[in-house]
Each structure stands twice: as C-alpha cells, then as structure tokens.
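The following note sets out some points on the fold and the aromatic side chains. Please read them alongside the sequence and coordinates.

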Amino acid sequence: MRIIFIVAAAALLAAAAGGPAHAHAFLEHAEPRVGSTVPTSPRELVLFFNENIEPAFSSVQVSDANGARVDLGKPRIGASTMRVGLKNLTSGTYRVRWHVLSVDTHTTEGNFTFHVKQ
Amino acid sequence: MSRSMLCRLALAGFATVAFATQALAHCFVGARFFPATLATDDPCVADEISMPTVSWSRTADIPPAREWDLSGEYSKRITDNFGISVGQTWTQIRQADGTLASGFQNLETTFQYQILKDPSRELAILSGLEIEWGRTGSTGADLADRFSTLTPTLYFGKGFGDLPDSFSWIRAFAVTGQVGYQVPTSSFDFIQNAFIPQQLVYGASLQYSMPYLKSEIIDLQLPDFFNHLIPVVEVSLTTPIANNFGNPYTTTGTVNPGVIWVGSYFQVGLEAMIPINRESGSGIGVLGQLHLYLDDMFPKSIGQPLFGAATAPSRKLTF
C-alpha cells in the first residue's frame with residue numbers, strides 16, 4: 001500500500017508540475033462538424049486535435065456513399081490540425097476516416113459522417 | 001555510399017527508433033475508449049494507478065455497521081499484452097455500539113493477458129488470474145482471511161460503434177463485463193466453524209460515451225465538461241456455488257449508477273452503491289475513484305511496457 005501511495009503521489013506531483021506528459025490525440029472538433037449537414041460543398045475538411053500530431057504518421061480520407069474518394073489527397077498538417085481539400089461535393093453523405101499518431105507516439109483513430117444538402 | 005543516401009538512411013533509422021514504441025496503451029479499441037470502471041475491471045492491460053478508491057457503505061449486519069474502504073491499485077504492463085496489478089484496501093468498520101475495527105484487507109495481485117483487441121468491432125477480451133494472498137492483512141481484526149483465494153477471470157468489452165449509421169446515438173453505448181470462479185485454498189474455516197464456498201464473481205457495466213458521441217456520431221456543441229462524461233451503470237455480484245454446506249446460496253452485490261469524467265491524463269468517477277438485497281448491505285453507499293493514466297503521464301518511462309513496447313513495426317499510414 002505504501003509503495004502504491006508513493007508512486008501515485010509522484011505521478012500526481014509530476015502531473016501538477018506540468019511535466020513532460022503528452023496524451024492521446026482526441027478529435028476536439030471538425031469543420032464540417034461531426035454529424036452536421038452543410039448547405040454547400042465545403043472546400044476543405046479540417047480536423048482539430050487536443051494534442052500535437054506527427055505529420056508523417058497521420059492521415060485522413062473522405063469518401064462518398066459509394067466509397068469513392070472525394071478528398072484531394074495529401075493532407076496539410078499543422079501542430080494539432082489536419083486539413084485536406086475536397087472535390088466539389090454534391091448532395092449526399094460523406095464519411096471521414098482519420099488516423100493520427102500523437103507526438104508521444106500514441107495512435108488514435110476514428111470515423112464520422114457529414115452531409116451535404118444543396 | 002553517397003552522402004544523401006547516408007542522410008536518408010539516418011533519417012529512416014531515427015524514424016524507426018522514434019516510432020518503434022507507438023502504442024494504444026489504456027483501453028482504446030479502434031475509436032472506442034473504455035474507461036476504468038470502479039466496481040468491475042476494464043478489458044485491457046494498461047499502465048495505470050487507481051488511487052485513491054474510497055467507498056462508504058452500511059453493512060448487512062443488524063443493526064448495520066458503517067464501513068469505510070480506502071484502496072489503491074497499481075497496474076503495470078510487462079509486455080504489450082501482459083500486465084500485473086497489485087492492490088490493497090484499508091478498512092474501518094464502526095459497529096452501532098461504537099466498537100471500531102480497522103486494518104488492511106489481504107494483498108491482491110492480478111495477472112492479466114490481452115487475448116483480443118478488434119478495432120473494427122470495438123471488441124476487447126482479456127483473461128486474468130486474481131489472487132488474494134491469505135494472512136497478508138489484519139487477520140486479528142477479522143478484516144482479512146487466513147486463506148488465499150484464486151479467481152481465474154475472463155473480461156470483455158464491446159462498443160456498439162459498428163452498428164449501422166441508422167442507429168445513430170445508440171452507437172455511443174458500450175458494455176463491459178467479467179466472470180470469475182473464486183476458489184479458496186482452504187475448504188473449511190475452523191475459527192468461524194463454517195465451510196468456505198467456491199463462488200462465481202461476476203459483474204458488468206453499461207456505459208454511454210459522450211466523447212464518442214461528439215467525435216464519432218454528432219457534435220452537439222455542448223459545453224466541454226459534458227463532452228468528457230461517461231454515464232455508467234455497474235453491477236457487481238457474487239454467488240456461492242459449491243462447498244457451501246449449511247449456508248444459503250444467496251447472490252449478493254450492488255448496482256452502481258454513476259458517472260466518470262475522462263481527461264487526458266486522469267479520470268474521476270463517482271457512483272452510488274445500491275445493495276441488491278438485505279444480505280448485500282443496508283441502504284445506499286457511495287464509491288469514488290481517482291484514476292491516473294501513467295502511459296499518458298509518462299509515455300517514455302514508467303508508462304511503457306517493460307519489454308517489447310510495440311507488437312508491430314511502425315508504418316507510414318497511407319489511405
């Protein structure tokens with residue numbers, strides 16, 4: 001019990017001191033928003049994460065209801081954002097699949113849809 | 001060899017070393033995150049600490065005694081798929097007449113092996129052996145047994161995110177569970193003059209992930225606090241099933257509705273403990289826990305498995 005307490009106390013102190021920690025990269029929000037309906041074709045998709053991500057090991061694709069790619073290829077990656085250009089989208093449902101490696105080497109992934117209704 | 005070739009090889013080597021330890025760590029299975037539940041175990045090995053876990057309840061005695069439990073558990077991955085947990089509980093029981101008993105329960109150790117993580121189905125299966133070491137606690141205060149128990153246990157977790165999109169908000173639900181068979185190392189307690197039963201120890205949780213709802217289904221633009229919540233209902237039960245001569249085969253346990261707030265480095269959980277019958281307790285108790293994600297707090301030191309930090313070579317993702 002004493003050992004557990006000491007390790008826990010050390011961990012809490014390190015966290016409180018803002019140590020070198022970096023966590024898993026969660027999707028904070030997206031544009032177009034997750035599950036939203038937009039009235040016109042968006043020019044690009046932007047994903048915002050809560051941690052910085054590694055460009056070489058992070059990727060995103062957008063596909064239509066038939067599975068055909070509608071993104072313009074290689075994403076542009078900032079510190080904690082990933083954006084990719086989109087083709088001209090017609091009315092329909094589009095699926096986004098993303099996979100990122102945060103700078104602490106943890107991988108996370110997810111997928112969601114958004115809708116275009118012109 | 002040309003200088004540019006050497007440079008490229010050096011960069012490739014650096015990248016291999018730098019990313020050889022990419023990991024999922026605490027309980028991520030595809031897009032699903034299973035939080036550490038309070039009364040039952042989550043279905044993954046991980047580097048984590050539950051400290052403290054505090055509970056207050058009234059026992060099934062007549063009149064009921066008031067019981068405080070304060071516990072801690074440290075879990076360490078030895079390899080990516082094999083982990084060991086060590087935990088202990090300090091207990092204080094105050095009888096209705098004011099008599100006080102306090103001390104440690106027996107030390108517990110759990111060995112766990114990750115059998116399966118299927119990201120596309122959000123399915124995780126874990127096997128384990130829980131050992132309570134006899135005579136390591138306060139046997140004099142009657143808070144710890146003089147015998148050990150061994151409980152082979154199977155754990156599972158399943159998210160509903162693989163349901164069709166038409167199921168919409170239902171896809172944020174997940175269930176976890178565990179089933180164990182507890183075998184004592186003695187069959188008869190000569191002090192209590194009673195048989196020591198073999199028991200089925202089992203439990204489950206139903207959880208609704210607001211983080212999953214926001215990032216996978218629909219972003220309702222709720223205040224950030226709510227996007228970190230996972231409402232949960234846990235059930236934790238024990239049923240004697242063998243070597244219980246002369247005693248009733250009554251199932252005891254609690255139903256625990258509550259909520260877990262999940263952050264990047266820690267989570268906080270709070271649950272009510274509702275006894276399922278008179279034999280399980282008197283009135284509603286409370287259970288709370290602070291849980292630290294060591295793999296996120298210390299990703300390059302104690303948050304890594306001791307051996308073989310990655311099961312697969314790093315790869316460049318190409319969609």
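1. In this predicted model, B:Phe190 is exposed, because its relative accessible area of 72% lies over the 50% cut-off. By contrast, B:Phe188 has a relative accessible area of 22% and is partly exposed.

2. The structure contains 11 aromatic pairs over all chains. One of them joins B:Phe188 and B:Phe190: the ring centres are 5.0 Å apart and the planes lie at 65 degrees, so this pair is edge-to-face.

3. A further pair is formed by B:Phe225 and B:Phe226, with centres 5.6 Å apart; the planes are at 80 degrees, and the pair is therefore edge-to-face. B:Phe225 is partly exposed at 48% relative accessibility, and B:Phe226 is partly exposed at 40%.

4. Ring pairs also connect residues of chains A and B: A:Phe26, B:Phe28, B:Phe33 and B:Tyr293 are linked into a cluster.

5. The charged end of B:Arg32 is placed over the ring of B:Tyr212, at 3.9 Å from the ring centre.

6. As to the fold of chain A, there are 1 helix and 8 strands. Along the sequence, their order is α-β-β-β-β-β-β-β-β.

7. Chain A has 118 residues, of which 47% are buried. Of the contacts in chain A between residues at least 6 apart in sequence, 60% are between residues at least 24 apart.

Note on methods:
Residues numbered from 1 in each chain as written. Chains lettered and ligands numbered in written order. Predicted model: local features only at pLDDT ≥ 70, side-chain atom pairs only at ≥ 80, totals over all residues. Heavy atoms only, no water. Helix = DSSP H or I, 4+ residues; strand = E, 2+ residues; numbered from the N terminus. Buried < 20%, exposed > 50% of the residue type's maximum accessible area, 1.4 Å probe, protein only. Contact = heavy atoms within 4.5 Å. Phe/Tyr/Trp six-rings, centres within 6.5 Å; stacked < 30°, edge-to-face > 60°. Lys NZ or Arg CZ within 6 Å of the ring centre and 35° of its normal.
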